[in-house]
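Trainee: I would like to request a close look at a single part of this structure, followed by an account of the chain around it.

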Amino acid sequence: MFSSILALPAGGLAKFIWLSAAFSVFNTVQCLLAPLGMTRRIYSRQPEQVTPLTSHVFAAWTALSAVLRYQCAFNMGNELVYDMTFWSYVIAGTHFVSEIVVFKSVKFPGPVISTFCVAVTCILWMIKDRDVYIH
């Protein structure tokens, strides 16, 4: 399960997805150990809605995303894993757009910009390179 980054498939996309998985692990740990810290900074327009419970739920989602992205990084040719990872970025991106535009709980730009940029970059890159990995 803990393969070396050196074993990643050729090309930058797998490495970028692996890096995204690594940051997701960091975010998961942060949400569990300091549930009101960074999460309140992200949802800074409505920080009172961030509770330890919401942060723990966010940690669970982020942990699942990390596992999925890690598996994708090492199995870029697996169509099911590739597609599920793609949709995880779409869901994450949609979540943050809705929090910015609809629910107005997130400032943009703000701490969410890095997460949003990673999601958009992966969505576009995965569309562009799909035929490279999925035959």
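**A residue in its setting**

Mentor: Gln-30 is found in helix 1, which covers residues 12-33. The model is a predicted one, and every value below is computed from it. The relative accessibility of Gln-30 is 14%. Gln-30 therefore counts as buried, since the cut-off for that class is under 20% relative accessible area. Once the neighbours within four places in sequence are set aside, Gln-30 is in contact with Pro-35, Gly-37, Met-38 and Thr-39.

The wider chain gives this residue its context. Five helices and zero strands are assigned, and the order of elements from the N terminus is α-α-α-α-α. Of the 135 residues in the chain, 39% are buried, and Gln-30 is one of the residues in that class. As for contacts between residues at least 6 apart in sequence, 70% of them join residues at least 24 apart.

The overall dimensions can be stated next. The C-alpha trace spans about 45 × 30 × 20 Å along its principal axes. The radius of gyration is 15 Å, which agrees with the value near 14 Å that a compact globule of 135 residues would have.

Finally, the surface and the charges may be considered. The chain exposes about 7,700 Å², and carbon and sulfur atoms supply 73% of that area. There are 9 positive and 6 negative side chains, and 12 Å separates the centres of the two sets.

Note on methods:
Residues numbered from 1 in each chain as written. Predicted model: local features only at pLDDT ≥ 70, side-chain atom pairs only at ≥ 80, totals over all residues. Heavy atoms only, no water. Helix = DSSP H or I, 4+ residues; strand = E, 2+ residues; numbered from the N terminus. Rg over C-alpha atoms; globule rule 2.2 N^0.38 Å. Buried < 20%, exposed > 50% of the residue type's maximum accessible area, 1.4 Å probe, protein only. Contact = heavy atoms within 4.5 Å. Areas by Shrake-Rupley, 256 points an atom, 1.4 Å probe, with all protein chains shown as cover. Lys, Arg positive; Asp, Glu negative; His and termini not counted. Charge placed at Lys NZ, Arg CZ, Asp CG, Glu CD.
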